[in-house]
Amino acid sequence: MPREQAMGFHQVLQEAAEVSFEAIRLAPAGDPDARVVQQPIAMGRGWSHERYRALWSQIAAREPHHFGAHTAALQYWCEKWLDSNELTHGFADTAIAAAPAGSALTVLKLRAYWEQVLRDKSASLYRSAEYTAALDAALADLAAAGPAHPGIVAARGWIAHGLIENGRPARARDLFRGMRREIAGPWIHYGNPAAVFDAARTKAARAAARPGRGRPTAAGSHSTALRPPPSGGGPSPRSASCRTGPGPAGREDE
């Protein structure tokens, strides 16, 4: 990043930090949102683990299973920032263990694996017993989630992606139907989200139309893992979703 851009970036972060602290001062005592929006600021300014954990404890005390907050926190502990898959998976495992059924936080584990695959170029991980178990847990969690859950579209997207990579594309068809034309999950991180989303949805539809649909392929078969997304698309507490055409209004992602 050129020096002028870096200076501008840090100036924006400084201004955002000042606004966020004022928002915290004005927010109702039990409202987590002003603190949730501090998470990307914490990442951008390189907060220490100790300082970030203090912020996280304040968020969790107000809303322990906040979907957007957990999404952003997973990014903070991600290997691309801290060079540790263990921290990423550890955070996901801890959050899932404490969450009630229907929280949709099980998709954190799918996100952790996705980050690991991008970093290690190990798409075979999607066919592992560990990933399959995480995917099945996410399916059960999704079934228990209410239709008004703020992360429902994101959860469908991550699970649909997981089913395709796990060799069960036919099972993803109904998830795509539930998403309608809204793009969420890993596809929003690619250079042409609509194209990769449409390709995945078409694959699921074709698989569901074939006889014997829904059977997983052999563990050693070819994976359809996509190329890593271009760098620079920083995470946010409520990751954006987008649409390929007319559809419902956007909901919270990650």
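**Reading helices and their packing**

Reply: Gladly, and let us begin with a helix that is mostly covered: H8 has twelve of its 14 residues buried, where buried means under 20% relative accessible area, exposed over 50% and partly exposed in between (1.4 Å probe, protein chains only). This is a predicted model, in which local features need pLDDT of at least 70 and side-chain atom pairs count only at pLDDT 80 or more, while totals for chains, interfaces and linings use all residues. Residues are numbered from 1 along each chain as its sequence is written, and side-chain values use heavy atoms, with hydrogens and water left out.

Me: How are the elements defined, and how many helices and strands does the protein have?

Reply: Helices (H or I, at least four residues) and strands (E, at least two) are DSSP runs, numbered from the N terminus. The protein has twelve helices and two strands, in the order α-α-α-α-α-α-α-α-α-α-α-β-α-β. Buried residues make up 46% of its 254 residues.

Me: Which residues of H8 are buried?

Reply: Among them are Lys109, Arg111 and Glu115, along with Leu110, Tyr113 and Trp114. H8 covers residues 107-120, and just after H8, Lys121 takes a positive phi of about 55 degrees.

Me: Which residues of H9 are buried, and where do they sit around the axis?

Reply: The buried residues of H9 are Tyr131, Ala134, Leu135, Ala138, Leu139, Asp141 and Leu142. They lie on the same side of H9, because they cover an arc of only 165 degrees around the axis; the arc is that of the directions from the helix axis to the C-beta atoms. Turned away from that buried side is the face with the exposed residues Ala129 and Ala143.

Me: What do the buried residues of H9 pack against?

Reply: They pack against H8, H10 and helix H11 (173-179), with contact meaning heavy atoms within 4.5 Å.

Me: How do H8 and H9 cross?

Reply: Axes are lines fitted to C-alpha atoms, for helices over the stretch in contact, and angles run from 0 to 180 degrees between N-to-C directions. H8 and H9 pack at about 145 degrees, with their axes 8 Å apart. Their crossing is left-handed, that is, the near helix is turned anticlockwise from the far one by less than a right angle (right-handed if clockwise). Lys109, Leu110 and Tyr113 of H8 make the contact with Glu130, Tyr131, Ala134, Leu135 and Ala138 of H9. These residues divide into six nonpolar, no polar and two charged; Ala, Val, Leu, Ile, Met, Phe, Trp, Tyr, Cys and Pro count as nonpolar, Asp, Glu, Lys and Arg as charged, and the others, Gly among them, as polar.

Me: And at what angle do H9 and H10 cross?

Reply: The axes of H9 (residues 129-144) and H10 (residues 152-165) come within 10 Å and cross at roughly 145 degrees, and this crossing is left-handed.

Me: Is His149 buried or exposed, and where is it found?

Reply: His149 is in the loop between H9 and H10 and is buried, with a relative accessible area of 14%. His149 and Ala104 are 45 residues apart in sequence and 8.4 Å apart in space, C-alpha to C-alpha.

Note on methods
Expected span 1.5 Å × (residues − 1).
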